[in-house]
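Dear colleague,

Here is the structure I said I would pass on. My notes on it follow below.

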Amino acid sequence: MINLTDNAVNAVRTAMSGAQGGGVQGLRIMVQTGGCAGYKYSMGLVRDPAPTDFVVEHGDVRVFVDAESEPHIKGTTVDFVVGLETSGFTFENPNAASKCSCGKSFG
C-alpha cells in the first residue's frame with residue numbers, strides 16, 4: 001500500500017516522541033482536493049485511527065490512510081530528505097499523472 005523509507009520512519013518516530021501530550025499512535029496521510037495540480041497531500045500525527053482506516057505498519061511506526069485517500073496514494077513511497085534549501089517529506093506516487101514543482105500536490 002504505502003512504503004516509508006528508513007529516513008521517513010526515523011522522522012515520524014522523532015516527531016511522535018516529541019509530540020506534546022503523548023498518546024500518539026501514528027501518522028495519518030491523506031489526500032485532499034486542492035494544491036496547484038488538483039490534489040494535495042496532508043499529514044499529521046494522530047492519537048486514534050478511524051475505524052475504517054487502512055493501517056500500514058513499518059516497525060513501531062503506524063500509518064493511517066482513510067478509504068477515500070487510499071486509491072490515490074496506493075503504492076506511494078514516502079521519504080524524508082534534508083537539503084540546503086528545503087527539508088521535509090517527499091512523495092513518489094505512481095498514480096500521479098502530474099505534480100507541481102513543490103512536490104506537495106499532484107493530478
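The model is a predicted one. I start with Asp53: setting aside the residues within four places of it in sequence, Asp53 is in contact with Arg28, Phe64, Val65 and Asp66. Asp53 sits in the loop that lies between strand 3 (38-46) and strand 4 (54-58). Its relative accessibility is 11%, and the cut-off for buried is under 20%, so Asp53 counts as buried.

One is with the side chain of Arg28, at 2.7 Å. The other goes to the backbone nitrogen of Ala50, at 2.9 Å.

An open sheet is built from 3 strands in the order 1-6-7, with mixed pairing. Its edges are strand 1 (3-4) and strand 7 (87-92); each has a single partner strand, so one side of each has no neighbour in the sheet. Helix 1 (residues 6-17) packs on this sheet and touches strand 1, strand 6 and strand 7. The direction of helix 1 makes about 75 degrees with that of strand 6.

Strand 6 (residues 77-82) and strand 7 run antiparallel and are joined by 6 bridges. Which residue of strand 7 is the bridge partner of Thr77? It is Glu92. Further along, Phe80 stands opposite Phe89 in strand 7.

Regards

Conventions. Residues numbered from 1 in each chain as written. Predicted model: local features only at pLDDT ≥ 70, side-chain atom pairs only at ≥ 80, totals over all residues. Heavy atoms only, no water. Pairing = 2+ DSSP bridges. Helix = DSSP H or I, 4+ residues; strand = E, 2+ residues; numbered from the N terminus. Contact = heavy atoms within 4.5 Å. Axes fitted to C-alpha atoms, helices over the stretch in contact; angles between N-to-C directions. Buried < 20%, exposed > 50% of the residue type's maximum accessible area, 1.4 Å probe, protein only. Polar contact = N/O pair within 3.5 Å; in protein donor to acceptor, adjacent residues only side chain to side chain.
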